[in-house]
Amino acid sequence: MAITIRDHQSVCTDKVYYYHHNNFGMGSDLHTWTQAVCNSMEKGKTLLEQTQFWIWNDREFCGNNQIQPLKCYFNLEIHCPESGEYPGREKFMTYYNDFPNCPKFIQDDRTRQIFRAAAIEYLFSNINIRLIQAAEKEILTVFGDQGVPEDMITVHLRWGDKKREMKLVTTEEYIDAIEGIATNHSIAHPKIFVTTESKEALDKLEVYVRDNKPSWTLFHYNPSVYGRHHNQNGGAGEVSPMDMAKRSNGAIGMASMISLLYAMEAKYYVLTSGSNWSRLIDELRRNVIDYKCGNCTHMVDLREAFSEHNW
């Protein structure tokens, strides 16, 4: 399916559709783009991105000009100068995921997940080598002289503003899941990479491990983590990932991408499918990592989203 998507997007059709990113969460924006790709394929038309300032693009890394958003981290830039456009608002493709929008490829929840995973596979097959190089430069800082551990466990801690969409996973639930993986796979000294934006969640896990699990080792990529900030009224309050992306001029977006690259070095995963970022990790795990290693990975899903957010 990823090859089908690539072939479709590599040819300029007589008319094209455009897509404008929502500037929602980074995982949400990537997934809504995959749906727009499907919707355009249903109509047999190439999907182009409208140039814009995407909040997740690091201005220092990507530049200060408006670009097709996926050009920076993924080298995806499509131009069709000979193609015509639909008039006015009709030229923009919707990201709505109703089954009738793309029945050729999506008929139910299962086929929707298959298509999205394939589109994410296609997207990441074009990842910018400069991003990989940036991640490689930080390996020593994150993992030390030994490098990325074998049999590493990746844990995605999703707290913060996600409580609006799902019941947050407790520290105890994460601990139980890690213990289960370690026991079932005979891992005596678990090495755990924690990918998260929440300093509060990370601090709680680190304190618990320090006091109760001396044989465990935790790693994280510090630039991707931020704490609670003071709001305009002077009180402490949650800052959404989108707000942090804007405040950091996109630097948190690049940091999240680097953290994701480290996360994908794992063999075992503790995720929450109520989070778009966790689903993205799992899509890469299933379509890329498992394909390369002969289905060697294992994932534990701790939480789905509330039904109205289970997009």
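Begin by selecting Cys 62 and Cys 72, whose link is left-handed, with -80° about the S-S bond. A disulfide joins these two residues, S to S 2.0 Å, a disulfide being a pair of cysteine sulfur atoms within 2.5 Å. The model in the viewer is predicted, so local features need pLDDT of at least 70 and side-chain atom pairs count only at pLDDT 80 or more, while totals for chains, interfaces and linings use all residues. Residues are numbered from 1 along each chain as its sequence is written, and side-chain values use heavy atoms, with hydrogens and water left out.

Stay with this pair: Cys 62 sits in helix H3 (residues 59-62) and Cys 72 in helix H4, ten residues apart; helices (H or I, at least four residues) and strands (E, at least two) are DSSP runs, numbered from the N terminus. Cys 62 counts as buried at 18% relative accessibility, and Cys 72 is buried as well, at 5%, where buried means under 20% relative accessible area, exposed over 50%, and partly exposed in between (1.4 Å probe, protein chains only).

Next, select Cys 12 and Cys 80, which a disulfide joins with S to S 2.1 Å. Cys 12 lies in the loop between helix H1 (2-9) and strand E1 (15-19), and Cys 80 in the loop between helix H4 (71-74) and strand E3 (84-85), so the pair ties together parts that are 68 residues apart in sequence. Cys 12 is partly exposed, with a relative accessible area of 38%, whereas Cys 80 counts as buried at 9%.

Then move to Cys 38 and Cys 102, whose sulfur atoms are 1.9 Å apart in a disulfide. Cys 38 belongs to helix H2 (residues 26-42) and Cys 102 to the loop between E3 and helix H5 (109-124), so this pair ties together parts that are 64 residues apart in sequence. A search of the whole structure finds four disulfides.

Now turn to the open sheet of five strands, whose order is E6-E5-E4-E9-E10 with parallel pairing; two strands pair if DSSP finds at least two bridges between them. Strand E6 (217-220) and strand E10 (298-301) stand at the edges, each with a single partner strand, so one side of each is left without a neighbour in the sheet. Select strand E9 (residues 268-271) to see its parallel pairing with E10 over four bridges, where Tyr 269 has Met 299 of E10 as its bridge partner.
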